[in-house]
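Work through the following exercises with the model open beside you, and try each task before you read its solution.

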Amino acid sequence: MRIKPSLQEIRSAIFQKRVISFTNSYSKERVRVEPRILGQAARTKSYVILAWELGPDQDFEAESPAAESGEWKLFRFSDLHDLEVETRMIRSTRPPCDLLTQIFAIDTCAVPVWKADPAR
């Protein structure tokens, strides 16, 4: 049985700076992310989560190259189910993000996300 999370659960995880996992109904995969922004998509105005998707070899305890594996992604809130808020805290820094222009309005943000330099 799929359990749909509430927007408040996502807001709470962002404010608490917690890693979350969920099943993405679009890709049918279980995903672990560091949620950074809950906002509205520029094109559709639907709720999206901007998050750093953790790589499969993620080592949370170490400051190592493996701890940096992953990438920025946007997830549609409507595609999320079976949310789990983990006890692990998100890392405070990640590489700059080039997806910020796809967010029209920010609802919740607790950790800064740096915009990628388009000149790179």
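**Exercise 1.** Is cysteine 97 buried or exposed?

*Solution.* This is a predicted model, in which local features need pLDDT of at least 70 and side-chain atom pairs count only at pLDDT 80 or more, while totals for chains, interfaces and linings use all residues. Residues are numbered from 1 along each chain as its sequence is written, and side-chain values use heavy atoms, with hydrogens and water left out. Begin with the scale: buried means under 20% relative accessible area, exposed means over 50%, and partly exposed lies in between, with a 1.4 Å probe and protein chains only. Cysteine 97 has a relative accessible area of 1%, and it is therefore buried. Cysteine 109, in turn, has a value of 34%, so it counts as partly exposed. As a last step, look for disulfides, meaning pairs of cysteine sulfur atoms within 2.5 Å; the structure holds zero of them.

**Exercise 2.** Describe the surroundings of glutamate 34.

*Solution.* Next, its relative accessibility is 1%, so glutamate 34 is buried. Then list its contacts (heavy atoms within 4.5 Å): beyond the neighbours within four places in sequence, they include Val19, Trp52, Ile90 and Arg91. Finally, consider polar contacts, which are pairs of N or O atoms within 3.5 Å where, within protein, one must be able to donate a hydrogen and the other to accept it, and where residues adjacent in sequence count only if both atoms are side-chain atoms. The side chain of glutamate 34 makes one with the side chain of arginine 36 at 2.8 Å, and it also reaches the backbone nitrogen of arginine 91 at 3.3 Å.

**Exercise 3.** Which residues does tyrosine 47 touch, not counting residues up to four places away in sequence?

*Solution.* Tyrosine 47 is placed in strand β3, residues 47-54, and its relative accessibility of 29% is the reason why it counts as partly exposed. The residues that tyrosine 47 touches are Leu7, Arg11, Leu38, Gly39, Gln40, Phe75, Arg76, Phe77 and Asp107. Although aspartate 107 is 60 residues from tyrosine 47 along the chain, their C-alpha atoms are separated by 8.9 Å.

**Exercise 4.** Find where lysine 17 and lysine 45 lie.

*Solution.* Lysine 17 sits in the loop between α1 (7-16) and β1 (18-24), and its phi is positive, near 60°, in a residue other than glycine. Lysine 45 is in the loop between β2 and β3, and its phi is also positive, about 65°.

How values were computed. Helix = DSSP H or I, 4+ residues; strand = E, 2+ residues; numbered from the N terminus.
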